[in-house]
Amino acid sequence: MHVTEHLDRADRTLFSFEIIPPPRGKTVRDIIEIVEQIAPVKPPFIDVTSHMAEAIYEELDDGSIKRRIRKKRPGTISICGIIQNRYGIETVPHLLCAGFTREETEDAIIELNYLGIENVLAIRGDQSNYNKVLRDGRTRNVYAQDLVEQVIDLREAKFLEDIAHSETIDFCVGVGGYPEKHVESPNMKTDLKYLKAKVDAGADYIVTQMFFDNTLFMDYVRKCREAGITVPIIPGLKPIESVRQLSSLPKHFHISMPEDLVDEIMESPQHVKEIGKSWTAKQLEGLVNSGTECIHFYVMNNARTTVDIIRELG
Ligand code: FAD
């Protein structure tokens with residue numbers, strides 16, 4: 001079922017989750033454990049992130065340097081297949097522009113379709129230290145908008161090459177949005193112009209970057225509506241679980257942390273988990289009370305705190 005159908009049918013706020021494939025060398029048991037933490041709260045869908053390849057440099061015994069190209073976290077498609085087919089929970093694999101050719105993306109969509117998956121999140125990805133060289137006439141999506149267009153073309157059975165009597169692949173497609181604007185955008189107005197372009201290209205819904213102040217989300221929704229963006233906007237939340245995250249989350253995700261939250265944690269760092277949990281619980285309550293149809297949790301590789309918050313909210 002499409003994410004948008006879940007939203008249409010919901011008679012209460014839904015809670016969705018985002019998880020990350022285990023690092024190369026670990027096993028799928030890690031994922032099963034997280035899904036088993038999440039399953040009891042009946043999520044309508046679980047997103048699985050995708051990761052491009054990176055270059056890794058190793059010094060050998062003879063002093064020479066060896067360069068290896070590898071994905072640290074492979075497995076997005078198969079993890080989605082396992083969750084969807086073993087647990088009956090809809091999955092949303094992330095598809096990236098960066099690091100993938102359009103031909104590889106089409107193959108991935110075909111595999112997802114065979115697995116019974118009906119949703120994807122179209123994301124640009126960030127540059128890594130490895131830029132794949134395009135060979136044999138292959139092509140690449142540059143912005144998420146290009147990727148949305150590729151997925152939407154398949155709804156009309158338009159594959160990259162003309163195929164006689166090809167059949168349609170009907171995916172629901174989500175895109176990312178940034179309540180504090182995307183880091184590369186000169187201003188919010190420009191960012192919203194490109195967000196609208198993704199929606200006009202066919203995106204069905206938006207999931208936001210995490211935020212720690214609900215007024216940022218409310219303002220963002222208002223600005224999106226003023227810009228003519230009418231699709232559902234799903235807010236993204238994440239409980240703080242360590243003091244380190246006060247600097248790592250702003251650094252990696254270009255988001256801000258409210259002064260009150262930072263002050264409270266700095267005063268009692270030993271209670272960071274409880275403070276982070278009760279902060280997210282307050283955010284959650286505010287969003288539920290304002291009628292938000294779905295709230296997305298970035299749980300990545302540990303869902304316990306989030307599941308406790310949802311349970312305690314009743
Ligand atoms: P885009 O929508 O392409 O926008 C990128 C920038 O370009 C923005 O500044 C935008 O304003 C601008 N822009 C857009 N279109 C145009 C255009 N036509 N011309 C000029 N400028 C334009 N990263 C991962 O590696 N793996 C993941 O699984 C992943 N999941 C994510 C999930 C969510 C919900 C979000 C919000 C982010 C996720 N990311 C992930 C991070 C994402 O890759 C980065 O934030 C990336 O920098 C931007 O991705 P985007 O899809 O928003 O890009």
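1. Once neighbours within four places in sequence are set aside, Q283 is in contact (heavy atoms within 4.5 Å) with F211, F212, D213, N214 and L237. This residue belongs to helix α10, helices here being DSSP runs of H or I of at least four residues and strands runs of E of at least two, both numbered from the N terminus. With a relative accessible area of 4%, Q283 is buried, where buried means under 20% relative accessible area, exposed over 50% and partly exposed in between, for a 1.4 Å probe and protein chains only. Its C-alpha atom is separated by 9.9 Å from that of T215, which is 68 residues apart from Q283 along the chain.

2. On provenance, the model is predicted, so that local features need pLDDT of at least 70 and side-chain atom pairs count only at pLDDT 80 or more, while totals for chains, interfaces and linings use all residues. Residues are numbered from 1 along each chain as its sequence is written, and side-chain values use heavy atoms, with hydrogens and water left out.

3. Helix α10 (residues 272-289) has 18 residues, which at 1.5 Å a residue should span 26 Å, and the 26 Å between its end C-alpha atoms agrees with this; the expected span is 1.5 Å times one less than the number of residues. Its buried residues are V272, I275, G276, W279, T280, Q283, L284 and L287, and they pack against β1 (14-19), α7 (214-226), β9 (233-237), α9 (259-267), β10 (294-300) and α11 (304-313). Just after the helix, G291 takes a positive phi of about 85 degrees.

4. Helix α6 (residues 188-200) can be checked in the same manner: its 13 residues should span 18 Å at 1.5 Å a residue, and its end C-alpha atoms are 18 Å apart, in agreement. Buried in α6 are M188, T190, D191, L192, L195, A197, K198 and V199, and the elements covering them include α5, β7, β8 (205-210) and α7.

5. Leaving aside neighbours within four places in sequence, F297 is in contact with F15, S16, F17, E18, L237, T280, L284, T306 and I310.

6. The second largest pocket contains about 360 Å³ of space. Its lining has 20 residues, those closest to its centre being S50, K71, I77, F100 and A108. Strand β5 gives the most to this lining, with four residues, and α3 (76-87), β5 (90-96) and α4 (102-114) each supply at least two. A pocket is an open set of points on a 1 Å grid over the protein atoms alone where a 1.4 Å probe fits, with protein on both sides within 12 Å along at least five of seven lines, and lining residues have an atom within 4 Å of a point.

7. D136, in the loop between β6 (119-123) and α5, has a positive phi of about 50 degrees and counts as exposed at 76% relative accessibility. H165, in the loop between α5 and β7 (172-177), has a positive phi of about 55 degrees and is exposed, with a relative accessible area of 79%.

Notes. Grid points are joined across faces, edges and corners, and a volume is the space filled by probe spheres set on the points.
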